[in-house]
Amino acid sequence: MTTLAGRVDGRPPLAMVYGGGGIVGIAYTAGVAAGLTASGIPAAAAPVLGTSAGSWTASALALGLTYEDLRELEAPSVPNLRAGVLADLARQLFGEARHPLVAVSAVCVRTGRRHILDGGRHPLADLVAASSAVPGLLAPHRVDGRLYVDGGVRSATSIDAATEADRLIVVAPLAGPVLGPVGRVAELLLMLELRRWRASHPRSSVTLIRPDREVARVVGLRPLALFDAARARDVYPLACAQGLRCGALLTRPGSPWARSAARVDPAATAA
């Protein structure tokens, strides 16, 4: 397993993790991020680890794009096993851009091991195609000579590989009440990862943001609902509102974030 240690010089005040969850997961992570940003938390300026859907949000925000840009893409129907379908789609939005603050998780087909792929070394379009290639639904994608499938095969968030920071914010679309039993199992695994990360970084604080019951009602219980564009459109404003609420709590006077926010360098968003 590769981690993000050493990707960012020093210890940043903030790091972000965006988890997987299909088209709905993109809407949820992008919505929460928009709410946090509106609250004064510069999510796009932080080192970020994305998995599957979260890799799209991580890449878009780092490049100064919005959910509206993501929503304009015509997502392929699934299953669709044509090689390159995801990379072609991603290049419509990201071109050949790279970004040193972005990393994604993906699983190597040959070894079955999770790899953390660096957005400073590879085009973001290739990384999101690898990280979101759901086995059986979308074709594996090749990066640096290796075939990869969806990072969610091993973990929906890969929190344990996140950058060390004063505060880690984890946005996990597949946890809690979403998808019923599936979400509850995902949350158990997520909590194990959080426990390991906290043990390795005892001086850091962690905020976990997962769908509330209002979002869960929109998503429903069927896994394929995660690929429903209409549900995604309905989820986005709910996620924005949830991000605003969480951001208000994090930035209230006397909070750890309020004391350290001034240390974030806005120039870190430059590609």
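Which residue in β7 does Met16 stand opposite? In this predicted model, residues are numbered from 1 along each chain as its sequence is written, and local features need pLDDT of at least 70, side-chain atom pairs count only at pLDDT 80 or more, and totals for chains, interfaces and linings use all residues. Side-chain values use heavy atoms, with hydrogens and water left out.

View 1. Met16 stands opposite Ile169 in β7. Helices (H or I, at least four residues) and strands (E, at least two) are DSSP runs, numbered from the N terminus. Two strands pair if DSSP finds at least two bridges between them. Strand β1 (residues 14-18) and strand β7 (residues 167-171) run parallel and are joined by five bridges. On β1 there are also three bridges to strand β2 (residues 48-51), again in parallel orientation. Within this pairing, Gly50 of β2 is the bridge partner of Tyr18. From β1 the chain passes through helix α1 (residues 22-38) to reach β2, in a right-handed β-α-β crossover. Right-handed here means that, with the strands pointing away from the viewer, the path from the first strand over the helix to the second runs clockwise.

**View 2. Side chains of strand β1.** Five of the five residues of β1 are buried, and the strand is thus mostly covered. Buried means under 20% relative accessible area, exposed over 50%, and partly exposed in between (1.4 Å probe, protein chains only). Leu14, Met16 and Tyr18 point one way from the strand, whereas Ala15 and Val17 point the other way.

View 3. A pair of aromatic rings is described by the distance of the centres and the angle of the planes. Rings of Phe, Tyr and Trp (its six-membered ring) pair if their centres lie within 6.5 Å; planes under 30 degrees apart count as stacked, over 60 as edge-to-face and the rest as tilted. By this rule there are two aromatic pairs. In one of them, Trp56 and Phe94 are tilted, at 6.0 Å centre to centre and 45 degrees between the planes. Trp56 belongs to helix α2 (residues 53-62) and Phe94 to helix α4 (residues 85-94), so the pair ties together parts that are 38 residues apart in sequence. Trp56 is buried at a relative accessible area of 6%, and Phe94 is buried at 4%.

**View 4. The stacked pair of Tyr67 and Tyr236.** The ring centres of Tyr67 and Tyr236 are 4.3 Å apart and the planes lie at 15 degrees, so this pair is stacked. Tyr67 is in helix α3 (residues 67-71) and Tyr236 in helix α8 (residues 229-250), and the pair links distant parts of the chain, 169 residues apart. Both Tyr67 and Tyr236 are buried.

View 5. Axes are lines fitted to C-alpha atoms, for helices over the stretch in contact, and angles run from 0 to 180 degrees between N-to-C directions. Angles under 35 degrees count as roughly parallel, over 145 as roughly antiparallel, 65 to 115 as roughly perpendicular and the rest as oblique. The axes of α2 and α4 are 11 Å apart, at an angle of about 20 degrees, and the two helices are therefore roughly parallel to each other. The axes of α4 and helix α5 (residues 124-131) come within 8 Å and cross at roughly 140 degrees, which makes α4 oblique to α5. Eight of the eight residues of α5 are buried, so this helix is largely enclosed by the rest of the structure. Among them are Leu124, Leu127 and Val128.

**View 6. Backbone features in three loops.** Most residues other than glycine have a negative phi, and most peptide bonds are trans. Val78 and Pro79 are joined by a cis peptide bond, with omega about 0 degrees; Pro79 lies in the loop between α3 and α4. Asp144, in the loop between β5 (141-143) and β6 (146-150), has a positive phi near 55 degrees. Leu179, in the loop between β7 and α6 (181-200), likewise has a positive phi, of about 65 degrees. Asp144 is exposed, at 55% relative accessibility, whereas Leu179 is buried, with a relative accessible area of 4%.
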